Amino acid sequence: MKYGQFSTFAFVDVETTGVSASQDRVLEVGILRVENGEVVGKMNTLIDPDVFIPSDITNITGITDDDILNAPHFSAVVEEVEALLKDAVFVAHNARFDYAFLKHEFRRLGLPFNYKTLDTVKFSRKLFPLLPRHNLDAIIALLNTKIEHRHRAYDDAYVLFELLNYAEKTFSKEYLEETILDFLKTPSLPQQISRIQIGELPQTPGVYFMYDKTETLLYVGKSVDVQARVLSHFYNDFESSNDLLLSREVFRVDAIKTAGDLGASLLEAQKIKTHLPIHNRMLRAKGPLMALVESQKGEYLTIKIIPLPDINPIDHHSILGVFTSKKQLAIKLKEIAKEHKLCLKLLGVEKSKGACFETQIGLCNGACEEKEAAFKYNVRFKEAFTNSRVPNWPFIGAIAIHEKFEENEELLIFNNWCYLGSVSEVSDEKLSEVIHKEVPFEWDNYKIIRRFIKKHTKTNSIINLPSLPVHSAPTEQQ
């Protein structure tokens, strides 16, 4: 059992409390370490997951809460697991699942976890294409063997050892070695995604789109190297359960090239807002965004809430913050009021008559009844929103940001924190058309361009457009 430079294999199976590697826990570990065809080490142990075992897991595995009363925690066996896996190829049935769970257990202990893997589901599909199914029960039937405890970690891991032994008796050493080395030399792809499809993706900046078999858009992402980033979703050492789900659902990937990372970031944000892909949970807006805008009540500064699309870009400096819900806004205002002794009544959070409740208990200086001088209150108000306020646009008029990658070149145009569009070549007519375009203030674009400007203030990629000879926009009479 030696294939190229690989002669040590660890046949692994884990039982778990659920299907999310980041949230659920390992319940049982089974490992056989094989060196040069000989079993040299074993592990067959229950693990105390520090949570109750769900009933559906007990129904499948037979493992109950009573069974783990005296079981070790994973931290107590991690060194033994590490020793059994050291310098070995990690072999498992649907290896993504087992690998992801063990990686997260190691990560919780602050330990690295990085091994080459051999997925016996894909291995079986390659060697036995006529089998109608390739789950573990189908493999057991193929081997014509019996195991005492199906859905228990060690017994299931042992089946994989038997599968490799069976393959060695069935196929030539040369063919088997070629097959195994082919699996080990490249990142593991989902069975439904071909290497040809991945090879056609650009190795340039851009935005990529993942679709399921019904052509529903699952995920939109961006990278300075699209092909490498897409492959990273399918590496064996998954960083998130979201990647695990994507690998099961994705059937097609395509991409749009951009001239650089900034253009990719802007296009990614626009596509996510337009299509709301189901796996872009962190970037999907949960409802209309609300802008907190500076206002005045008498001599005292206060706030008003305006739907973000209604904000005139020229007035961006009046935005004190942007929120996704009234609940989130109320919580933030209460935190700010407490820290800076602002009046909840003036801020619109409290609707009482007369003095606010905080005035009565000494937490407010009485601005709601004009007992505190307005200039003192307003200074604290300004300080309270210093970090969240949208700053003044730091340029005189519009700017262009130049991006170029190989033959792809763009000038991205901005003004008042708004993205106006792009041109691929500099001409008075094209620049004038973009500069005079009216666009809404968009929160995602604001954050993207602000981050970029902070990092690139001393570079020559930012061009002040008033220095370019741009004609005025034509009038209707012209």
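Guide: The largest cavity has a volume of about 40 Å³. A cavity here is a set of points on a 1 Å grid, over the protein atoms alone, where a 1.4 Å probe fits but cannot get out; points are joined across faces, edges and corners, and the volume is the space filled by probe spheres set on them. The model is predicted, so local features need pLDDT of at least 70 and side-chain atom pairs pLDDT 80 or more, while totals for chains, interfaces and linings use all residues. Residues are numbered from 1 along each chain as its sequence is written, and side-chain values use heavy atoms, without hydrogens or water.

With a threshold of 30 Å³ or more, the count is 1 cavity. T204, P205, K257, T258, F405, E406, E407 and N408 line the largest cavity, where lining means having an atom within 4 Å of a point. This lining divides into 2 nonpolar, 3 polar and 3 charged residues; Ala, Val, Leu, Ile, Met, Phe, Trp, Tyr, Cys and Pro count as nonpolar, Asp, Glu, Lys and Arg as charged, and the others, Gly among them, as polar.

Open space is treated separately: a pocket is an open set of points with protein on both sides within 12 Å along at least five of seven lines. The second largest pocket has a volume of about 650 Å³. Of its 24 lining residues, D13, H93, N94, F97 and H151 are the closest to the centre. Strand 1 (8–16), helix 1 (55–61), helix 3 (95–108), helix 4 (120–127) and helix 5 (136–143) each give two or more residues to this lining, and strand 1 gives the most, with 4 residues. Helices (H or I, at least four residues) and strands (E, at least two) are DSSP runs numbered from the N terminus. The lining of this pocket comprises 7 nonpolar, 8 polar and 9 charged residues.

Elsewhere, H279 sits in the loop between helix 11 (261–275) and strand 9 (290–297). H279 is buried at 5% relative accessible area; buried means under 20%, exposed over 50% and partly exposed in between, with a 1.4 Å probe and protein chains only. The side chains of H279 and E249 are joined by a polar contact of 3.1 Å, a polar contact being a pair of N or O atoms within 3.5 Å, where within protein one must be able to donate a hydrogen and the other to accept it, and residues adjacent in sequence count only if both atoms are side-chain atoms.
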